[in-house]
Amino acid sequence: MFEKMKEKINIIFKEYDAEHFVVLLKRGSANLFMDFGLCGFESEMEYWDMPTRLIDFKGEKGFLFSNKTNKTDLKDEIERFIIHNNI
């Protein structure tokens with residue numbers, strides 16, 4: 001009858017190099033890169049002028065962004081994407 005409430009998704013920012021940072025998206029210990037990819041995350045971020053690509057970062061899949069990307073705006077957009085796509 002009632003859908004169990006989903007556990008919160010953690011949006012984790014990690015430094016990659018002098019020009020980029022990585023965003024890891026996790027629910028508990030599960031990496032959600034596939035869920036985001038299936039919903040067109042890269043295309044959506046491109047539309048909002050926050051281009052990204054999927055990379056392997058220290059053994060985990062994450063999304064690479066330019067340091068020029070505003071992290072607060074990006075976090076807001078990721079949260080909107082989560083709600084819109086019911087992830």
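Leaving aside neighbours within four places in sequence, which residues is T52 in contact with? They are F41, E42, M45, F63, L64 and F65, where contact means heavy atoms within 4.5 Å. This is a predicted model, in which local features need pLDDT of at least 70, side-chain atom pairs count only at pLDDT 80 or more, and totals for chains, interfaces and linings use all residues. Residues are numbered from 1 along each chain as its sequence is written, and side-chain values use heavy atoms, with hydrogens and water left out.

- T52 lies in the loop between helix 2 (41-47) and strand 4; helices (H or I, at least four residues) and strands (E, at least two) are DSSP runs, numbered from the N terminus.
- With a relative accessible area of 13%, T52 is buried (buried means under 20% relative accessible area, exposed over 50%, partly exposed in between, with a 1.4 Å probe and protein chains only).
- A polar atom of the T52 side chain lies 2.8 Å from the backbone oxygen of L64.

**Strand pairing**

- Strand 5 (residues 60-66) runs antiparallel to strand 2 (residues 20-27), and four bridges join them; two strands pair if DSSP finds at least two bridges between them.
- In this pairing, H20 stands opposite S66 in strand 5.
- Five bridges pair strand 5 with strand 4 (residues 53-57), also in the antiparallel sense.
- Opposite R53 stands L64 of strand 5.
- The hairpin of strand 4 and strand 5 has two residues between the strands, and K58 takes a positive phi near 55° there.

**Aromatic rings**

- Eight aromatic pairs are found in a search of the whole structure; rings of Phe, Tyr and Trp (its six-membered ring) pair if their centres lie within 6.5 Å, and planes under 30 degrees apart count as stacked, over 60 as edge-to-face and the rest as tilted.
- One of them is the tilted pair of Y16 and F57, with ring centres 6.0 Å apart and planes at 50°.
- This pair links distant parts of the chain, since Y16 is in strand 1 (residues 10-17) and F57 in strand 4, 41 residues apart.
- Y16 is partly exposed at 38% relative accessible area, whereas F57 is buried at 10%.
- F36 and F41 form an edge-to-face pair, with ring centres 5.3 Å apart and planes at 90°.
- Both partners are buried: F36 has a relative accessible area of 0% and F41 one of 1%.
- F36, F41, F63 and F81 are linked into a cluster by ring pairs.

**Charge over a ring**

- The charged end of K71 sits over the ring of F21, 4.8 Å from its centre (NZ of Lys or CZ of Arg must be within 6 Å of the ring centre and within 35 degrees of the ring normal).

Technical notes. Polar contact = N/O pair within 3.5 Å; in protein donor to acceptor, adjacent residues only side chain to side chain.
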